[in-house]
Amino acid sequence: AVPVEEVSDQQDFLFISYSHKDKRIVEEKLHVLQRNGFRLWYDSGIKGGDNWRKVLREKIKCSKNVIVFTSANAVKSEDVKIEIITADAFEKKIVNVCLDGERFDGAVGNILHDLHAVSASSVNFEEQMIAALDESTREPEQIS
C-alpha cells in the first residue's frame with residue numbers, strides 16, 4: 001500500500017471523506033482498499049501549517065473518485081458536507097459507503113440521492129468497492 005503522504009497529484013488516487021468520529025471503522029475499510037493496491041488520500045496527508053481547506057479542495061479536484069463514508073456522525077459534519085459539495089462541483093464520481101442507516105438531507109442529500117450506495121457491513125464489501133472504483137487508482141501489480 002502507498003502511504004497517504006506519498007500519493008502525488010501525478011498518480012490517480014481516491015479522496016476519502018469521513019467524520020473523524022468514525023475513524024476506527026473507516027480505517028478498517030481503508031485497509032481493505034490499500035490491501036487491493038488502491039492509492040488513497042485523506043486528511044492525515046495534510047502537513048502542519050498548510051491551509052487545510054485549500055488542500056482538501058485541491059485534492060478533491062485532482063482525485064479520480066471520492067469515497068464518502070456516510071454515518072450519523074458524517075451527516076452532522078460540515079466538513080464532510082463541504083467535501084461532497086466540492087466533489088459534485090468538480091463532477092467527480094462519488095462512491096457512497098454507508099456505515100449505518102443515516103442519510104444526508106438538503107443539497108447534499110440531493111447529490112447522493114441517485115447514487116447506489118455500498119454497505120460497509122456487506123459480506124461482498126471488498127468486491128463491490130473494487131467494482132465501483134477506477135482501476136487507474138490501483139497499483140498496476142494489484143490489478144487482476
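Student: Is D50 buried, exposed or partly exposed?

Tutor: D50 counts as partly exposed, at 35% relative accessibility. The cut-offs are under 20% relative accessible area for buried, over 50% for exposed, and partly exposed in between, using a 1.4 Å probe and protein chains only. Before we go on, this is a predicted model: local features need pLDDT of at least 70, side-chain atom pairs count only at pLDDT 80 or more, and totals for chains, interfaces and linings use all residues. Residues are numbered from 1 along each chain as its sequence is written, and side-chain values use heavy atoms, with hydrogens and water left out.

Student: Where does D50 sit?

Tutor: D50 is in the loop between β2 (40–41) and α2. Helices (H or I, at least four residues) and strands (E, at least two) are DSSP runs, numbered from the N terminus.

Student: How many Å separate the C-alpha atoms of D50 and S122?

Tutor: 37 Å, with the two residues 72 places apart along the chain.

Student: Next, S63. Buried or exposed?

Tutor: S63 is buried, at 2% relative accessible area. Its place is the loop between α2 and β3.

Student: What is S63 in contact with?

Tutor: F13, F15 and K92, leaving aside neighbours within four places in sequence. Contact means heavy atoms within 4.5 Å.

Student: What about E91, buried or exposed?

Tutor: Exposed, with a relative accessible area of 73%. E91 is found in the loop between α4 and β4.

Student: What is phi of E91 near?

Tutor: Phi of E91 is near 55°, a positive value in a residue other than glycine. For background, most residues other than glycine have a negative phi.

Student: And G101, where is that?

Tutor: G101 is in the loop between β4 and α5. G101 is exposed, with a relative accessible area of 68%. The C-alpha atoms of G101 and S71 are separated by 7.0 Å, though the pair is 30 residues apart along the chain.

Student: On to packing. Which residues touch the most other members in the largest nonpolar core?

Tutor: I16, I67 and M129, out of 20 residues in that core. A nonpolar core here is a set of buried Ala, Val, Leu, Ile, Met, Phe, Trp, Tyr and Cys residues joined through side-chain atoms within 4.5 Å.

Student: Which elements give two or more residues to this core?

Tutor: β1 (14–17), α1 (23–35), β3 (65–70), β4 (93–98) and α6 (125–132). The largest share, four residues, comes from α1.

Student: What does I67 touch?

Tutor: L14, F15, I16, S17, L33, V95, V97, M129 and L133, not counting residues up to four places away in sequence. Another core lies apart from the largest one. That other core has 18 residues, among them W41, V68, V75 and I111.

Student: How do α1 and α6 pack?

Tutor: At an angle of about 60°, with their axes 10 Å apart. That makes α1 oblique to α6. Axes are lines fitted to C-alpha atoms, for helices over the stretch in contact, and angles run from 0 to 180 degrees between N-to-C directions. Angles under 35 degrees count as roughly parallel, over 145 as roughly antiparallel, 65 to 115 as roughly perpendicular and the rest as oblique.

Student: Which residues make the contact of α1 and α6?

Tutor: K29, V32, L33 and R35 of α1, and F125, E126 and M129 of α6.

Student: Now α4 and α5. At what angle do their axes cross?

Tutor: At roughly 50°. The axes of α4 (residues 78–89) and α5 (residues 106–113) come within 10 Å. α4 and α5 are therefore oblique to each other.

Student: Which residues make the contact of α4 and α5?

Tutor: K81, I84, I85 and D88 on the α4 side, with V108, I111 and L112 from α5.

Student: Last pair, α2 and α4. How far apart are the axes?

Tutor: 9 Å, with α2 (residues 52–62) and α4 packing at an angle of about 40°. W52, R53, L56, R57 and I60 in α2 meet D79, I82, E83, T86 and A87 in α4.
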